[in-house]
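Please read it alongside the model.

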Amino acid sequence: CGGSGCSSPGAEAAEPCCPAQRTPSPRRKWQVFPGRNRFYCDGRIMMGRQTGVFYLTLVLILLTCGLFFTFDCPFLASNLTPAIPAVGGVLFIFVMGMLFRASFSDPGVLPRATPDEAAHLERQMDSTGSSRPPPRTREVQINGQTVKLKYCFTCKIFRPPRASHCSLCDNCVERFDHHCPWVGNCVGRRNYRFFYLFILSLSFLTIFIFAFVITHVILSCVVLVLDPVRSTVLEVLVCFFSIWSIVGLSGFHTYLISSNQTTNEDIKGSWSNKRGKDNYNPYSYGTILSNCCAALCGPLPPRSVPEPPRSVPEPEPPRSVSTRTRTKLGLDPPPPPLPLLGSGSGTAQYLCVAVVGSGSAGSVPVCC
Amino acid sequence: MVQDWRKLEVVDRCVADSYETPTMAETHSLQDLQQPAVSSKVFVQRDYSSGTICKFQTKFPSELESRVDKQQFEETIQTLNNLYAEAEKLGGKSYLEGCLACLTAYTIFLCMETHYEKVLKKIARYIKDQNEKIYAPRGLLLTDPIERGLRVVEITIFEDRSIGSGR
């Protein structure tokens, strides 16, 4: 996988900051992504900018589990039951799977407004004509509660309810929970369930390892009167401190899920009773069970502005009129047009579908 | 019909390529070939009255009054809203899919599409169909909202050259 830590200065940047990345074919959306994210494996993996703490998380988990499986499991498997390393193994794989899913997914980033859209909004806001600054909030009624939608100056959009702008990643994220440095990514609508399952399974794994390491110590030192394994001390230390923080965090997020709130809303006390008797959460489905089901088993939305499929061979882009005219007039032909995140790119893609896809299979968007 | 699409695509690419500002000669050639130019864009915003579910306002924009029938437009938006509601529906089927996915550590989505993705494809086909049948003959173009992060339905209004209003 080629790494690309580039972030373009703006949505219409024509020059990539890393010339080595430039390809003659039309650039993919992740290459012109305006936020401060890192992309790997041709845009399939999306992370936040600072990934140092994520590597620490990986090291801690791999080290502790590695020590457990190497030094404790053989003893436990032979003296107690081989089910212990089996269950441990399943838990470990689940934890790693959920960690990677939470870290590498798009959290639900809202694409920035196209220039046309931004201009349209500006016109609407300035249409009052008065000398006062234009309103930068909109009020909507959601299930009986008044919710204020704020205007984001970076993304030039009115943020949907529950969305928030992450200053670290420089993106507006839907149903923004928080930016987690341990996971190296924002936690939002698309990866909240993976984050929750990660901390939940990690709690179980930590408790599991802690319990069986203690069992190992007791059995080997007290019962069999053997010397304790040195690695045991490290494992016990890591697990002991992790348990308090991770189990606590799991408990907190279980509460948030059951009341259908985000960390952001809870910290601000948006739906707290302290603000007033009539203040309630308009997003809650009513019961704890329905809130949990919705958060964990609800439909998973795909990425907004998905990348076009890679397997479809990119067709020869139809020559624009101006190119033909230029050649007719004897002018130098312009460089091949690069589709950018501009006003036309989405429509151009669609229309390419109509051109290419007329008669052929489906409405698969093709990158022109 | 395909010919008309090609013309629209070609013009739109000219609009997208910011470095290409047509010269007088090119504009003249464009006129000769009767290329429709983008006159303006209308944005249909989201309707958040029912919560964060994807729903667009059915209010008819005034800029489209001369171009398309109000009933037709409202029907298109309402159908889109219904399709998005189907994608985001919470019920037995979506819970089953979610539980199965969780049990397989979400690896099942390597081989199968999510329900949401299937409905999004349906929506893309519907929009293409509506554009071909209703909006393109009237010089309008609906952009799939997924291209804008499900924030707006962008409707591009092309200049009506059939009346002979030249530049």
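## Helix packing and a pocket

α1(A) and α2(A) pack at an angle of about 170 degrees, their axes 10 Å apart. That makes α1(A) roughly antiparallel to α2(A). Angles under 35 degrees count as roughly parallel, over 145 as roughly antiparallel, 65 to 115 as roughly perpendicular and the rest as oblique. Axes are lines fitted to C-alpha atoms, for helices over the stretch in contact, and angles run from 0 to 180 degrees between N-to-C directions. Helices are DSSP runs (H or I, at least four residues), numbered from the N terminus.

This is a predicted model: local features need pLDDT of at least 70, side-chain atom pairs count only at pLDDT 80 or more, and totals for chains, interfaces and linings use all residues. Residues are numbered from 1 along each chain as its sequence is written, chains are lettered from A and ligands numbered from 1 in the order in which they are written, and side-chain values use heavy atoms, with hydrogens and water left out.

The α1(A) side of this contact (heavy atoms within 4.5 Å) includes A:Phe54, A:Leu58 and A:Ile61. Among the α2(A) partners are A:Ile84, A:Pro85 and A:Gly88.

| Pair | Axes come within | Crossing angle |
|---|---|---|
| α2 (residues 83-104) and α4 (residues 192-223), chain A | 8 Å | roughly 150 degrees |
| α1 (residues 52-79) and α5 (residues 230-259), chain A | 10 Å | roughly 140 degrees |

α2(A) and α4(A) are therefore roughly antiparallel to each other. α2(A) passes α4(A) in a left-handed crossing (the near helix is turned anticlockwise from the far one by less than a right angle; clockwise would be right-handed). From α2(A), the contact includes A:Leu91, A:Phe92 and A:Arg101. From α4(A), A:Phe194, A:Phe195 and A:Ser201 are among them. The residues of this contact divide into 18 nonpolar, two polar and one charged. Here Ala, Val, Leu, Ile, Met, Phe, Trp, Tyr, Cys and Pro count as nonpolar, Asp, Glu, Lys and Arg as charged, and the others, Gly among them, as polar.

α1(A) and α5(A) are therefore oblique to each other. α1(A) passes α5(A) in a left-handed crossing. Their contact includes A:Asp72 of α1(A) and A:Glu235 of α5(A). By class, its residues are eight nonpolar, three polar and two charged.

The second largest pocket has a volume of about 790 Å³. Of its 36 lining residues, the closest to its centre are A:Arg189, A:Tyr285, B:Thr52, B:Ile53 and B:Glu88. α3(B) gives the most to this lining, with four residues. The lining divides into 17 nonpolar, 11 polar and eight charged residues. A pocket is an open set of points on a 1 Å grid over the protein atoms alone, where a 1.4 Å probe fits, with protein on both sides within 12 Å along at least five of seven lines; lining residues have an atom within 4 Å of a point. Volume is the space filled by probe spheres set on the points.

Conventions. Helix = DSSP H or I, 4+ residues; strand = E, 2+ residues; numbered from the N terminus.
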